[in-house]
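Colleague: Please walk me through this model, feature by feature. I want the general idea each time, then the case at hand.

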Amino acid sequence: MKLGLGLYRHMLNDEYYSFAVQAGCTHVIAHLVDYFKQGDANPANNQPTGAKDQPWGVAGDPDRLWTAEELTNLRKQIEAAGLKLEAIENLDPAHWYDILLDGPNRALHIRNVQSILRAMGEAGIPTLGYNFSLAGVSGRVRGPWARGGAISVGMDGPVDTPIPNGTIWNMIYDQNAPPGLLPSISRQELWRRLELFLEEVLPVAEKAGVRMAAHPDDPPMPTVRMQPRLVYQPRMYQRLIDISTSPSNMLECCLGTLAEMTDDDFYEAVDVYSRQKRIAYIHFRNVSGKVPHYHETFIDDGGIDMIRVLAILHRNEFDGVMIPDHSPQMTCSAPWHAGMAHTLGFMRAAIMALEQGYSLAPRD
Ligand SMILES: [Mn+2]
C-alpha cells in the first residue's frame, strides 16, 4: 500500500510537494481542473463544496487540452521533489460535457478524451480518475460538525433543484447559455452513455497504458438535481466493472462515498472489489451517517473502522495508492495542512503496523 496526497491545481508546487514528502507520502494525485475559478463559494485552501445547489466555478478552456509536454513537465517536477505522479483526477467539464449530455459536440469530445489519454501515456502518467455524472458533487453543505467543532461537509437532505442550462458536473461550461433547465433523463439512458463512452475510450486508454478509474456518485443518492446517478449503492460498482474486462477499466474507490451509501455491507464491498484487483487507487475518508443525512468526520472518528479497512486491503494485497480525500478543517493557521497531516499520520501508522506483521485482528 502506497501513501499519496491529492493536490488541487493551485497546490501543484514545491511547497506542497515538500509537505507531502515530510508527511511520509511517496505519490501525488493531481487535479488539473481549476474548481476554484470564478467561484465565490470555495475557499482555496479547502475541498470545493460550492453552496448547496451553486456551481463550484467556471470550467476551463474548451479548445485547450492538456498536452503531453505540460503533463511531462508536471511529472518531472513532482519526481524532482522525490514523489511519483500516480494520477490525474477528473476531466475538465469543458472538454467532455457533450459526452455526459449526449450533445452535438459528442464526437469532438470523445476525440478530446482520447487525445488526453494519449498525452498521459506519452507523459508516463498511469491513471486518469473520472466521475461520469450530470450533477457531479453537489448538494453538500458545510458546518462545525466534526470533533471539537471542526468545520466539515455533509448533507442535510436531498437536493432537487434542477440543473440550469450551461452547467454540468457542478461547473459552468457555457456562460452564455440560454435560460432554461436541463431535462431529466432516465437511469437507463445514463448507463447507455457511460457504456458507449467506455467502448470508445478504453481501447485508446489500454494502448496508451493508462487506467481509467471511476469515482462513485458523491453524494450517493438515486437522483441529485432531478438527474439519475449510476453508482449510488456499493453493488452498483460491479455493473461498471462488468462493462469491460479491459485492464484500463478500473475504480477510483472512495471509501467515504461507499460509507455514505444506504445498502449493502461496506466491508464486504471493499473486500469484493480489492479481491478483483480492479481498484486503481483509494480515497481514504470517514463519515458518520448515511445519505441524505451524513457528515464527514476525522479519520478516527466516523462510522467506519478504518483499521479494519486497511486490514482487508492488506490481506487482499492491494498495492495501489491511497490518499486522504478530504478532512475536516482543524482550528489553526493552516487548516487544510493540519487535517491532511492528521489523516496521513493515522494511515502511515496503520500501514506500518500491518506491513510489519503486528496483529490488528479485532478482539471479538
Ligand atoms: Mn472521493
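Colleague: How many of the nine residues of H3 are buried?

Modeller: Ground rules come before that. This is a predicted model; local features need pLDDT of at least 70, side-chain atom pairs count only at pLDDT 80 or more, and totals for chains, interfaces and linings use all residues. Residues are numbered from 1 along each chain as its sequence is written. Helices (H or I, at least four residues) and strands (E, at least two) are DSSP runs, numbered from the N terminus. A residue is buried if 20 or more other C-beta atoms lie within 10 Å of its own, exposed if 12 or fewer, and partly exposed in between, with C-beta atoms placed from the backbone. Now H3: seven of its nine residues are buried, so the rest of the structure largely encloses this helix. The buried residues are Pro93, Ala94, His95, Trp96, Tyr97, Ile99 and Leu100.

Colleague: What do the buried residues of H3 pack against?

Modeller: Contact means that two C-beta atoms, placed from the backbone, lie within 7 Å. The partners of the buried H3 residues are H4, H5, strand E7 (167-168) and strand E8 (171-172).

Colleague: How do I describe two packed helices?

Modeller: Two packed helices are described by the angle between their axes and the distance between the axes. Axes are lines fitted to C-alpha atoms, for helices over the stretch in contact, and angles run from 0 to 180 degrees between N-to-C directions. Take helix H3 (residues 93-101) and H4: their axes come within 8 Å and cross at roughly 130°. H3 is therefore oblique to H4. Angles under 35 degrees count as roughly parallel, over 145 as roughly antiparallel, 65 to 115 as roughly perpendicular and the rest as oblique. On the H3 side the contact uses His95, Trp96, Asp98 and Ile99; H4 supplies Arg106, His109, Ile110, Asn112 and Val113.

Colleague: At what angle do H4 and H5 pack?

Modeller: About 15°, between helix H4 (residues 106-123) and H5, with axes 8 Å apart. H4 and H5 are therefore roughly parallel. Among the H4 residues in the contact are Ile110, Leu117 and Met120; those of H5 include Val201, Val204 and Ala208.

Colleague: Next, the sheet. How many strands form the closed barrel?

Modeller: Two strands pair if DSSP finds at least two bridges between them. Here eight strands close a barrel with parallel pairing, in the order E1-E2-E3-E4-E9-E12-E13-E16. From one strand to the next, the twist averages 30°. As an example, strand E3 (residues 84-89) and strand E4 (residues 127-130) run parallel, joined by three bridges. Glu89 faces Gly129 of E4. Helix H5 (residues 187-208) packs on the sheet and touches strand E9 (211-214) and strand E12 (249-254). Its direction makes about 135° with that of E9.

Colleague: And an antiparallel case?

Modeller: Strand E5 (residues 141-146) and strand E6 (residues 150-156) pair that way, over four bridges. They form a hairpin with three residues between them, and Gly148 in the turn has a positive phi of about 70°.

Colleague: Which residues touch the most other members of the largest nonpolar core?

Modeller: In soluble globular proteins, nonpolar side chains tend to be buried together. A nonpolar core is a set of buried Ala, Val, Leu, Ile, Met, Phe, Trp, Tyr and Cys residues joined through C-beta atoms within 7 Å. The largest here has 99 residues; Val28, Leu117, Met120, Val201, Ala213, Leu251 and Leu255 touch the most other members. H5 gives the largest share, eight residues.

Colleague: What should I check in the backbone?

Modeller: Most residues other than glycine have a negative phi, and most peptide bonds are trans. Asp264 has a positive phi, near 65°. Asp264 is partly exposed, with 14 other C-beta atoms within 10 Å. Glu317 has a positive phi of about 55°. Glu317 counts as exposed, with 10 C-beta neighbours inside 10 Å. Two cis bonds deserve a look: Asp218 to Pro219, omega about -5°, and Val291 to Pro292, omega about 5°.
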